[in-house]
Amino acid sequence: MKNMTSENLDPKINKIDKEIELSIRPKKLAEFIGQKKLKDQLDIFIRAALARGESLDHILFYGPPGLGKTTLAMLLSGEMGSNIKITSGPALTRAGDLASILTSLKKGDFLFIDEIHRLNKIVEETLYSAMEDYALDIVLGKGPSARSVRLKLQKFTIVGATTRIGLISSPMRDRFGLVQQIDFYDDNNLSEIVKRTAKVLETQIDEVSAQEIAKRSRGTPRIANRLLKRVRDYAQVNSDGIINLKEAKVALLNLGVDEMGLSDADRRYLDVVKNQYGGGPVGVENIAAALTEDVGTITDVYEPFLMKKGLVKRTPRGRTTT
């Protein structure tokens with residue numbers, strides 16, 4: 001079995017942050033906490049592919065940010081004994097960028113494309129034949145002398161991730177053999193994640209403190225890990241570095257995270273709808289303007305959790321508070 005390596009193609013990601021993030025991520029699919037139904041399905045697909053000596057079919061994960069789509073892609077490559085390259089939709093601006101990546105992939109390798117709904121249209125169309133026929137059509141020259149050359153590719157697996165599956169075209173979506181939603185986590189799973197991350201970070205935390213952080217994490221592991229790091233900072237500066245319930249509550253209060261997991265931004269959203277617009281209905285563009293945020297941030301970051309908590313409703317006429 002080959003060692004799993006991760007080559008990040010986006011130079012904007014900080015190297016130190018990347019190393020810390022990798023140390024927190026689980027190394028095996030069995031260590032991945034939560035999403036049991038999805039894990040069971042992936043385990044079957046992996047075992048079947050290994051038994052046949054084939055590559056995994058292309059996979060598309062969709063759901064809110066921070067739920068583990070990148071982690072799952074890395075775990076899949078590790079379980080298959082393959083290498084993985086990581087990029088994002090906005091980073092692939094030209095068909096040539098995609099061609100250079102695809103031609104470097106070896107048999108069984110994985111290519112993870114984050115924010116795949118933001119792929120350039122030309123790049124997306126170039127990807128069609130690569131996903132379906134494992135071939136790349138390149139046009140050489142211009143005008144009457146232009147000719148098309150087909151390059152054969154090794155069989156590889158694309159894992160796509162998106163927070164907005166509705167923006168992915170049908171031809172692209174239909175080329176994935178598995179399309180799977182990743183949902184929010186429950187508090188028990190988040191508590192296990194917090195304790196595991198604390199162990200990796202060599203930080204002591206008791207059960208009730210882990211539960212307190214978990215229930216304020218908006219059902220999202222990334223937020224749970226982020227809050228844990230900030231609570232750890234508070235405990236280190238103000239006491240002996242051991243996280244207890246009192247310190248956790250004070251630290252979370254200072255961070256502006258209440259007992260429901262609502263942040264200052266969430267409360268401003270609710271205040272705009274409730275007080276400025278009488279509880280709604282109000283269009284999302286007006287809310288975005290009042291909060292000086294873009295519409296995508298409102299619909300992808302704020303609203304999923306507020307709707308899950310039953311605090312906001314989407315109606316044909318606009319948003320309303322409940």
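Before placing anything, I note that helices (H or I, at least four residues) and strands (E, at least two) are DSSP runs, numbered from the N terminus. With that settled, I find H117 in the loop between strand 4 (110-114) and helix 5 (121-133).

I also note for myself that this is a predicted model, in which local features need pLDDT of at least 70 and side-chain atom pairs count only at pLDDT 80 or more, while totals for chains, interfaces and linings use all residues. Residues are numbered from 1 along each chain as its sequence is written, and side-chain values use heavy atoms, with hydrogens and water left out.

**Entry on H117.** Is H117 buried or exposed? I looked up its relative accessible area, which is 16%, so H117 is buried (buried means under 20%, exposed over 50% and partly exposed in between, with a 1.4 Å probe and protein chains only). Setting aside neighbours within four places in sequence, I find H117 in contact with T162, T163, R164, L167 and I168, where contact means heavy atoms within 4.5 Å. With T162 the side chain of H117 also makes a polar contact of 2.7 Å (a pair of N or O atoms within 3.5 Å; within protein, one must be able to donate a hydrogen and the other to accept it, and residues adjacent in sequence count only if both atoms are side-chain atoms).

**Entry on the whole chain.** I count 13 helices and 10 strands in the protein chain, and the C-alpha trace spans about 70 × 50 × 35 Å along its principal axes. Of its 322 residues, 46% count as buried.

**Entry on two helices.** I then turned to helix 8 (residues 207-215) and helix 10 (residues 245-254), whose axes come within 8 Å and cross at roughly 20°; axes are lines fitted to C-alpha atoms, for helices over the stretch in contact, and angles run from 0 to 180 degrees between N-to-C directions. Helix 8 is therefore roughly parallel to helix 10 (angles under 35 degrees count as roughly parallel). On the side of helix 8 the contact is made by V208, S209, E212 and I213, and on the side of helix 10 by L245, A248, K249 and L252.

How values were computed: Angles under 35 degrees count as roughly parallel, over 145 as roughly antiparallel, 65 to 115 as roughly perpendicular and the rest as oblique.
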